[in-house]
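Subject: Handover of a structure

Dear colleague,

Please find the structure below, together with its sequence.

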Amino acid sequence: MLFMGTQKYPIENDYGQFLSSHGGHSNAYTAGEHTNYYFDVDHSFLQEAMDRFAQFFISPLFLEDGTEREMNAVDSEHKKNLQSDPWRVHQLEKDLCDPKHPYSRFGTGSLETLRDIPQSQGLQVRKLLLDFHKRYYSANIMKCVVLGRDSLETLEQWATECFSRIENNNVPVPSFETHPLSQNQLQQEIWVKPVKQSRSLTVSFPFPDSRQHYKTRPASYISHLVGHESEGSLLSYLKTKGWAQNLSAGHASGGIGFAFFSIHVELTQLGLDKYHDVICAIFQYIKMIQRQGPLEWIYDECRSVARMNFRFQEKSSPASYCSRTASAMHDYPTPDILSGPHLMEVFDPETIQRLLDLMQPHNFRVIVQNPKFETEGWTRAKWYGTEYKVVPFSSEFKQQLDQIQEISQMHLPERNQFIPDSFDLLPIESDGAPQIVLESPLMRLWYKQDHLFKIPKAAIYLEIISPLAYQDVRSCVLTRLFTELLKDALNEFSYAAELAGLDYSLTNTPEGMVLTLNGFSNKIHLLADQFILKMKQAEFSELQFHRIKERLNKSYHNWFLESPASQATYFVTFLLQDTLYHAQRKIQVLEHLTLQDLNAFVPQLLSKMFIQGFVHGNLHKQKVREIGQKMIQDLQYQALEEDQRLADVRTHIINGAEHTFYHLVYNPNNVNSAIEFCLQIGPENDVQGRALLGLLAQISGEPVFDQLRTKEQLGYSVYGGIRKMRWHGYRIVIQSERDPIYLEERIELFLRQFQQTLLEMPDEKFNKYKQAYVNNLLEKPKNLNQHSNRLWNIISSRYYDFDRNETDASFVQSIQKQQLVQFYQHAIVGPERRKISVHMVSQKLKDTQRQGQELVDEDVQEQKKQWPLSEPPVPAKRVDQFVIN
């Protein structure tokens, strides 16, 4: 509501339009105890943006029409979440707390709570909004962070000028003396039937608010041990029993005055059958750390890692940095605002022990999620319709908990070998574009030394290309099984690396697999070496195979319960990408696969490959070359044929017609439908088309949101922009309770009307948008990871055009408005445009006429055969020009 006009700036979308035309954006969120507003903008327009921003807290309009529309938007957001298990379970946890405690209330909003209930009580919602704003938007409980290039004196002057008119009502900050988990809510099992195929349990203990202990962080010490994943940990034990897939543990503030400590275990079917034994194992581990007591060497290790991460903390986006810091100002004294959320400074064994002593078998409750629960006679929760049943602990289970004994398989973690022992920076030897330090039929390894950020970190990217990985649906599923098993087998080793600031990911692609490692450069090679060795020497047990197969099967089934918008975007990709296998086909194949099948497949998968890699950061080129040579030696693979080495997934090009497809939303209980409306523009390497498309997305992004979401209230999820494939496209995606046919009509009308907006746009305004887009293109990366990803995206594209952004910016500068209008008239609204639209239709929409072709796999494959494929990528310059000795 605040964004929809103020007395000084009454035009409804003035704020969003101002930010958009100057390369900025804004957002806001409401948490349990505060609301957080933030924006960013081109530095030249910070003062003007601040003035608009400040008016929200001084003189908002809260117009009647806007109030009604925003209530609909909140209701749409609520309905978007109705089939989301995290939202459903979180609200149920609140529902089943002490009903006298404010924490037990509904946490978001709907038309029922915002319109119907107030109206039934004779209340005017707009007056309630104004009263709430006048009372709680008080200067004494507000914090503000301003980040800019100007001097501190200038920024302070602007802040004073903009925000000094905010009234101070001396509102007391609310706090809560009691805990929402009283004795009446403990020693209970809450059985929940989830929407997705989710098998889990969550043990929750009532904990005190520990903000005042931020220098000692006693709960972080406990989280570190209970959530550990190395050999001897709770998770390691549960995996050896075949009971668990994953585990997480942590302390979370519920509000000022109370908190929770929760242990969440993702269960196997066997673990679900034995969930009481899983809970007993949790208390066996807790009993072990209670007996050992707080150990200073473990705390020192946590403290060292926290200091290391804080010392070498990299920049984030200005908006998110301001948002986080403003929130921290509520919790930490001024000297500690920046360090308080990160550091562990003083070992306090007494407080740690006091918290450990709260983790007793009589002082918790557990939520068990099982999709196969029989729910006849169960209760349906008010706000989300979640089916649940509350069951007090049985006397047998209480006795089982009372007789907990430690077991030898559980022990504390070893000292962490991955904590860096050196943060030395190498002398800068080159600062140009990435270069190839190893070029052979087996590997192409790119390298760039970091010269921008000068931190002791590095990133390694390895694209492992094997034609067998996506040869057919069976090989696709086997490759995915292999990568999931590999990650699981490495987990006990890699978890210690993760704690020490070394992260990795392993993902599947149609070309093969992509391994990414990033973190402190001192020991990143150890993690890379271990990963490659494990890849070649991997051996998996039957128990491990069936546990991971079960997890993958669950993942495939859960795809059918994703949001309609995500399924619409999937199907557009399915139609346009050369090859993409549907989840249903994967499920059918997975069912029959055995460990013997996998053991026969993996040696073939790894026998002939090509690796394209990139190393960026604080490593010397000779060290990088040695890393590559060691990988070749350890993997012992043969070369692919030259035309297979950098094979690429190509995109179908729609041949001059308009195509509409539809499919029912798989989840019969989801009230939402969705549409992706996509217009293919041109090949990825077409500079002119790319620049015009980017500029159009810059100009149209805010109007799409303002018209289709804010004004027409089509749905909460509305966005427009670029669809990136080998042939780029312009797309608008909407998730809504409305029929997709109607959504498509509104999109078409918007696009026709926006043509007139472009024609009538003053040159001055057009040039502002141009400059904003140029500034975005030329914006320097904020941190090493962002820079590494930017370079890797160019390398993995196979074009190697490292000056792409500069080239596009130069072209954008030359674009005249008439040129963009002509582009729009041809590619967006012209008769020869290439349009593809996918409608996901809610099963709740009855007796509606469908439009287009039904998405049936066999028919779609025939349709795709009629569409030509994009050309393979051609490097911007000869590859040998990048090779160095």
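I begin with a contact between two helices: Val687, Gln688, Arg690 and Ala691 in helix H23 meet Arg804, Thr807, Asp808, Phe811 and Val812 in helix H27, where contact means heavy atoms within 4.5 Å. The residues of this contact divide into four nonpolar, two polar and three charged; Ala, Val, Leu, Ile, Met, Phe, Trp, Tyr, Cys and Pro count as nonpolar, Asp, Glu, Lys and Arg as charged, and the others, Gly among them, as polar. H23 covers residues 687-711 and H27 residues 804-814, and the two pack at an angle of about 75 degrees with their axes 9 Å apart. Axes are lines fitted to C-alpha atoms, for helices over the stretch in contact, and angles run from 0 to 180 degrees between N-to-C directions. H23 and H27 are therefore roughly perpendicular to each other (angles under 35 degrees count as roughly parallel, over 145 as roughly antiparallel, 65 to 115 as roughly perpendicular and the rest as oblique).

Please note that this is a predicted model, in which local features need pLDDT of at least 70 and side-chain atom pairs count only at pLDDT 80 or more, while totals for chains, interfaces and linings use all residues. Residues are numbered from 1 along each chain as its sequence is written, and side-chain values use heavy atoms, with hydrogens and water left out. Helices (H or I, at least four residues) and strands (E, at least two) are DSSP runs, numbered from the N terminus.

The next topic is the nonpolar cores. A nonpolar core is a set of buried Ala, Val, Leu, Ile, Met, Phe, Trp, Tyr and Cys residues joined through side-chain atoms within 4.5 Å; buried means under 20% relative accessible area, exposed over 50%, and partly exposed in between (1.4 Å probe, protein chains only). The largest core has 93 residues, of which Phe482, Leu598, Ile836 and Val838 touch the most other members. Its largest share, eleven residues, comes from helix H16. A second, separate core of 53 residues includes Phe207, Ile263, Phe364 and Val368.

Not counting residues up to four places away in sequence, valine 838 touches Ala568, Phe571, Val572, Leu575, Phe661, Ala674, Ile675, Glu676 and Leu855. Valine 733 is found in strand S20 (residues 727-736) and, at 1% relative accessibility, counts as buried.

In helix H12 they are Ile298, Tyr299, Glu301, Cys302, Arg303, Val305, Ala306 and Met308, and what covers them includes helices H8, H14 and H16 and strand S14.

Glutamine 369 is in strand S7 and is buried, with a relative accessible area of 7%. Phi of glutamine 187 is near 55 degrees, a positive value in a residue other than glycine, and glutamine 187 is partly exposed at 23%. Arginine 217 has a positive phi too, near 45 degrees, but is buried, with a relative accessible area of 17%.

Yours sincerely
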